[in-house]
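Keep the viewer open as you read.

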Amino acid sequence: MKDIDDSPIVRNGNSIILAYDHGTEHGPVDFEPNPASADPEHVFEVARHDAVTCIAVQKGIAEGYHQEYSDDVNLLVKLNGNSNLRDPEDYYSPKQCTVKYAVEELDADAIGYTMYAGSDYEDQMWKEFREVQEEARKYDVPVVMWAYPRGHGIEGNSEYGGDKDSDVVSYAARLGLELGADMVKCKYPGTEDGWKQIEENVGKMKTVMSGGSKRSDRDFLEDVSTTINAGGNGLAVGRNIFQRENPEGLLDKLEKVVFNAKDVDEVM
Ligand code: FBP
């Protein structure tokens, strides 16, 4: 783990990452609530908001769209991903971009990698992550791990209450620290104590909350505020931003909660 406070994806110690890899992970169904969001240009325009410290996209979107926005939008290239179309034996996210390509050709400020801790393919993903992490060190770019516990090891264990159980989420987050990530993105475990449990296990590594499905402004801001109060460093959010027709209003509020530690009641 490195100190990434000077990185462009961090502001005053925290981050708001606008995640836009859903065309890969979930497919066009995620764009249906706001059809404009199927157009990457629309989402890059949203990412120009001051609150957003970077956009997280797959290689093809970075290649096709980022250059025009490079003065205003910092770039995190997601190196692996998988679609919802297949029916795998267990969770695995193949890599389709190298750190070298992300940095040298796409001008990435950071790289991201999804790790499915608990999957039958965990060994393979650890190996790929090792290569990614060591290459990222050579290029001096932050490594953000989407630390998502899921698969047979979680589903088949009666001690675990699913992929949002704080025991499981904090274990997956801890793996990020052990394997050399600089920031982990975690599913929200539902309570402040749950997020504190994550913080107790990750040392100085940064943590961000994964947005999840769309909910009301207040409900979403409450979850973000709880995360910040528990020691989290912000969020990586997709649907709660791009599925809104006017995401700027929520981004204004998120900026105050994440970077100025304002309460939800103060910003509503
Ligand atoms: P959301 O804020 O929309 O949840 O996006 C965060 C994210 O991690 C995306 O980067 C990714 O596409 C998606 O969630 C993965 O979601 P799932 O939990 O369904 O795999």
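## Helices α9 and α11

The axes of α9 and helix α11 (residues 247–260) come within 10 Å and cross at roughly 20 degrees. Axes here are lines fitted to C-alpha atoms, for helices over the stretch in contact, and angles run from 0 to 180 degrees between N-to-C directions. Helices (H or I, at least four residues) and strands (E, at least two) are DSSP runs, numbered from the N terminus. So α9 and α11 are roughly parallel to each other; angles under 35 degrees count as roughly parallel, over 145 as roughly antiparallel, 65 to 115 as roughly perpendicular and the rest as oblique. The crossing of α9 past α11 is right-handed. In this convention, a crossing is left-handed if the near helix is turned anticlockwise from the far one by less than a right angle, and right-handed if clockwise.

Who touches whom? On the α9 side you'll find Asp 217, Phe 220, Leu 221, Val 224, Ser 225 and Ile 228, and they meet Leu 250, Lys 253, Leu 254, Val 257 and Val 258 in α11. Contact means heavy atoms within 4.5 Å. Sorted by class, the contact of α9 with α11 has eight nonpolar, one polar and two charged residues. For that sorting, Ala, Val, Leu, Ile, Met, Phe, Trp, Tyr, Cys and Pro count as nonpolar, Asp, Glu, Lys and Arg as charged, and the others, Gly among them, as polar.

## Ground rules

This is a predicted model, where local features need pLDDT of at least 70 and side-chain atom pairs count only at pLDDT 80 or more, while totals for chains, interfaces and linings use all residues. Residues are numbered from 1 along each chain as its sequence is written, and side-chain values use heavy atoms, with hydrogens and water left out.

## The chain overall

Stepping back, the protein chain has 12 helices and eight strands. Its C-alpha trace spans about 40 × 40 × 35 Å along the principal axes. A compact globule of 268 residues would have a radius of gyration near 18 Å, and the protein chain agrees with that at 17 Å. The radius of gyration is taken over C-alpha atoms, and the globule rule is 2.2 Å times the number of residues to the power 0.38.

Of the 268 residues, 56% are buried. Buried means under 20% relative accessible area, exposed over 50%, and partly exposed in between (1.4 Å probe, protein chains only). Among contacts between residues at least 6 apart in sequence, 70% join residues at least 24 apart.

Next up are helix α7 (residues 166–179) and helix α8 (residues 192–200), whose axes come within 8 Å and cross at roughly 30 degrees. That makes α7 roughly parallel to α8, and their crossing is right-handed. Ser 166, Asp 167, Val 169, Ser 170 and Ala 173 are the α7 residues here, and they meet Gly 194, Gln 197 and Ile 198 of α8. The residues of this contact divide into three nonpolar, four polar and one charged.

Helix α2 (residues 40–47) and helix α3 (residues 59–69) have axes that come within 10 Å and cross at roughly 45 degrees. They are therefore oblique to each other. From α2, the contact uses Pro 40, Glu 41, Phe 44 and Glu 45; from α3, Ile 61, Tyr 65, His 66, Glu 68 and Tyr 69. By class, the contact of α2 with α3 has five nonpolar, one polar and three charged residues. The crossing of α2 and α3 is right-handed.

Start with Thr 226, found in helix α9 (residues 217–229). Is Thr 226 buried or exposed? With a relative accessible area of 17%, Thr 226 is buried. Leaving aside neighbours within four places in sequence, Thr 226 is in contact with Tyr 188, Thr 191 and Glu 192.

Gly 212 lies in the loop between β7 (206–210) and α9, and it is partly exposed at 24% relative accessible area. Gly 212 and Gly 238 are 26 residues apart in sequence and 7.8 Å apart in space, C-alpha to C-alpha. Not counting residues up to four places away in sequence, Gly 212 touches Arg 239 and Asn 240.

## Positive phi without glycine

Asp 107 isn't a glycine, yet it has a positive phi of about 65 degrees. Asp 107 lies in the loop between α4 (99–105) and β4 (110–115) and counts as exposed at 51% relative accessibility.

Ala 261 has a positive phi of about 50 degrees, although it is not a glycine. Look for Ala 261 in the loop between α11 and α12 (264–267); at 59% relative accessibility, Ala 261 counts as exposed.
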